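Subject: Structure handover

Hi,

Here is the structure I promised to pass on to you. My notes on it follow below; please have a look at both when you get a moment.

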Amino acid sequence: MPEPAPPARNPPTDPNPAVPPRTPALAYEEVTEPGYPAAYTACLRIEPTGDGAVLTGTCPRCRCTMVYTWTRSVVRAASRTRRRRTGTGLVAVPVLCVCVTGHPGRPDDEEGCGAYWNIQLERERR
């Protein structure tokens, strides 16, 4: 008669199963993907400022929370005449990941994971 198999050992249990295991940060890479704008704007919070907006959301690449400050213009025109606005009422806003996570390979003078994308914001009526 064959000997009975020894009882199976239970694998060690995680003392805190609600916390997912930490994954290493993504390496820095300057990259964009077509799905980044939709993923970023899905839960985006926008706070208008005098000449732009503060955008609080999650980077679609590294999934880190980030606060991006967008300014409509860096240097104002010397002319006091108002520019006539035309078009759809939307303005293209370039966004870069500016998370504070340490991404391996990131140059010293850069922020974030290297991801970038464009979103459309409704132009504020004045």
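Starting from the N terminus, the elements of the chain run α-β-β-β-β-β, which comes to 1 helix and 5 strands. Helices (H or I, at least four residues) and strands (E, at least two) are DSSP runs, numbered from the N terminus. Please keep in mind that this is a predicted model: local features need pLDDT of at least 70 and side-chain atom pairs count only at pLDDT 80 or more, while totals for chains, interfaces and linings use all residues. Residues are numbered from 1 along each chain as its sequence is written, and side-chain values use heavy atoms, with hydrogens and water left out.

**Overall figures**

The chain has 126 residues, of which 28% count as buried. Buried means under 20% relative accessible area, exposed over 50%, and partly exposed in between (1.4 Å probe, protein chains only). Among contacts (heavy atoms within 4.5 Å) between residues at least 6 apart in sequence, 64% join residues at least 24 apart.

An open sheet is formed by 3 strands in the order 1-2-3, with antiparallel pairing. Two strands pair if DSSP finds at least two bridges between them. Strand 1 (45-49) and strand 3 are the edge strands, each pairing on one side only. On average, neighbouring strands of this sheet are turned by 15 degrees against each other, direction ignored; the axes are lines fitted to C-alpha atoms, for helices over the stretch in contact, and angles run from 0 to 180 degrees between N-to-C directions.

Strand 1 and strand 2 are joined by 5 bridges and form a hairpin with 2 residues between them. Arg45 stands opposite Thr56 in strand 2, and Glu47 has Val54 as its bridge partner there. Strand 2 is largely enclosed by the rest of the structure, because 5 of its 7 residues are buried. In the loop between strand 1 and strand 2 you will find Asp51, which counts as buried at 15% relative accessibility.

Strand 2 (52-58) and strand 3 (65-71) pair in the antiparallel sense over 7 bridges, one of which has Thr65 as the partner of Thr58. Their hairpin has 6 residues between the strands.

Is Arg61 buried or exposed? At 16% relative accessibility, Arg61 counts as buried. Its side chain reaches the backbone oxygen of Cys113 at 3.0 Å, a polar contact (a pair of N or O atoms within 3.5 Å; within protein, one must be able to donate a hydrogen and the other to accept it, and residues adjacent in sequence count only if both atoms are side-chain atoms). Leaving aside neighbours within four places in sequence, Arg61 touches residues including Leu26, Glu29, Tyr36 and Ala115.

Arg63, also in the loop between strand 2 and strand 3, counts as exposed at 59% relative accessibility. Arg63 has a positive phi of about 65 degrees although it is not a glycine.

**The core and strands 4 and 5**

The largest nonpolar core has 23 residues, and those with the most contacts inside it are Tyr40, Leu55, Met66, Val95, Cys97, Trp117 and Ile119. Helix 1, strand 2, strand 3, strand 4 (90-96) and strand 5 (116-122) each supply at least two residues of this core. Such a core is a set of buried Ala, Val, Leu, Ile, Met, Phe, Trp, Tyr and Cys residues joined through side-chain atoms within 4.5 Å.

Strand 4 has a covered face of Val91, Val93 and Val95, and an uncovered one of Leu90, Ala92, Pro94 and Leu96. Leaving aside neighbours within four places in sequence, Val95 is in contact with residues including Tyr40, Leu55, Met66 and Trp117. Strand 4 and strand 5 run antiparallel, joined by 7 bridges, and Ala92 has Gln120 as its bridge partner in strand 5.

Finally, Pro34 lies in the segment before helix 1 (36-41) and is exposed, with a relative accessible area of 79%. Pro34 and Trp117 are 83 residues apart in sequence and 8.2 Å apart in space, C-alpha to C-alpha.

Best wishes
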